[in-house]
Amino acid sequence: MSTRAAVDPNTAGDHGCDCPVEVIQERGQRQVFCGLTSIVWLHRKMQDAFFLVVGSRTCAHLLQAAAGVMIFAEPRFATAVLGERDLAGLADCNDELDRVVNELLARRPEIKTLFLVGSCPSEVIKLDLDNAAERLTREHAGRVQVMHYSGSGLETAFTQGEDKCLASIAEQMPQAEENEAPSLLVLGTLADVVEDQFRRIFDQLGIGPVHFLPPRSCEQLPAVGPQTRVIMAQPFVGEATRALISRGAQYVNAPYPVGIEGTRGWLYAAAHSFGVAEQRVDEVVAAPVERARAALARQRAVLAGKSITFLPDSQLELPLARFLANECGMRPLEVATPYLDRQLHGQEAMQLGDEVRLIEGQDLERQLDRLRDDRPDLTVCGLGLANPLEAEGLRTKWSIELVFSPIQGFDQAADLAELFARPLVRHESLRV
């Protein structure tokens, strides 16, 4: 199915999924957003980290626009701009990079972890940021840890920037002893409020210690080893998951915590890995489930019966479509995702049913032709396609907003549904 490597079931445990659902592969022109965008939410999560993009002025403008940062703000990211001499090979980029890093660390002493983020320009000129990170770590030993990952937008989905960042962190985590007590590692960026909610539920279930990656502080990296259970909170962190499995962690296969049923299934899987019965999970989550169902009923009245198409962008498409179909009564016509991994996404794919066209990859013109034929009530797509589709009379939802918003967990289910209901309500309000 996918050309991406699957999780080895002998390594991942016995919770694998063969995913017998038919999936159509498309390979053609794609509309993608740059992986550097993930810095916008990562720098907010890791309070003692700084992200230095080694790229062009275009990279700098993209981050400035995506983050909405005012010119006098002090964000925890910046761009070391490659000039014409750098790109032409007339200057030593490493000398200039060292100078920029030294100035940055002198100005911002609170930085404990520095990420050198590769971009399309730095990869084109084959600038070795991996060695640069090792060199700078040695030079600033005891002061800052320097890591490297690629945020290049070449042939990637924009959420893969986070995946590559977390994979680089996974390599730096300390090794746990084999006889250490079991621990749970929740993988994928969650809003602080969602993280706190999950932590309270895990405490009530007696599951612990529980760690979240990325952490709020990079100085708080947990150890990883054979007693570590890793569960994905986001569907786009497959590379980081495999990096942790290679360190000895046990993979916990679960649906993603989107919507009431997805969140409950996710908690069931985590509880099972610690020997906690499903009945105990039901007792603990009874109150938040009841609140979520009551809040979701209002949005379901708007969404039920409406058709929806997902264009591939964020890799959140499968769990979102499952939530909208099963809990909100919507009719997914086509669900396309940049990459589909049968092992990591199989549970979500199987719940969509046989009537949904499930697409991996994209051939933009063919997909737009199908979209115009289907004319769904709502289309989820990237920023570059939203306005043209709106001009054709199709209502759209920006997929990137679903990445920036806190959507996981019981208490966020109704808010998530409202994000899809909003453009439909607006359309009805404007109808003459």
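Tutor: Two strands pair if DSSP finds at least two bridges between them. Helices (H or I, at least four residues) and strands (E, at least two) are DSSP runs, numbered from the N terminus. This is a predicted model, in which local features need pLDDT of at least 70 and side-chain atom pairs count only at pLDDT 80 or more, while totals for chains, interfaces and linings use all residues. Residues are numbered from 1 along each chain as its sequence is written, and side-chain values use heavy atoms, with hydrogens and water left out.

Student: How many bridges join β13 to strand β14?

Tutor: Strand β14 covers residues 396–398 and runs parallel to β13. The number of bridges joining β13 to β14 is 3.

Student: Are the side chains on the two faces of β13 buried or exposed?

Tutor: Buried means under 20% relative accessible area, exposed over 50%, partly exposed in between (1.4 Å probe, protein chains only). Leu 378 and Val 380 lie on one side of β13 (residues 378–381), with Thr 379 and Cys 381 on the other. All four are buried.

Student: Why does one side of β7 and of β9 lack a neighbour in the sheet?

Tutor: An open sheet has 4 strands in the order β7-β6-β8-β9, with parallel pairing. β7 (210–213) and β9 (250–251) are at its edges, so each has a single partner strand.

Student: Is the Phe 202 and Trp 266 pair stacked, edge-to-face or tilted?

Tutor: Rings of Phe, Tyr and Trp (its six-membered ring) pair if their centres lie within 6.5 Å; planes under 30 degrees apart count as stacked, over 60 as edge-to-face and the rest as tilted. The structure has 7 aromatic pairs. In this one the centres are 5.9 Å apart and the planes at 50°, so the pair is tilted.
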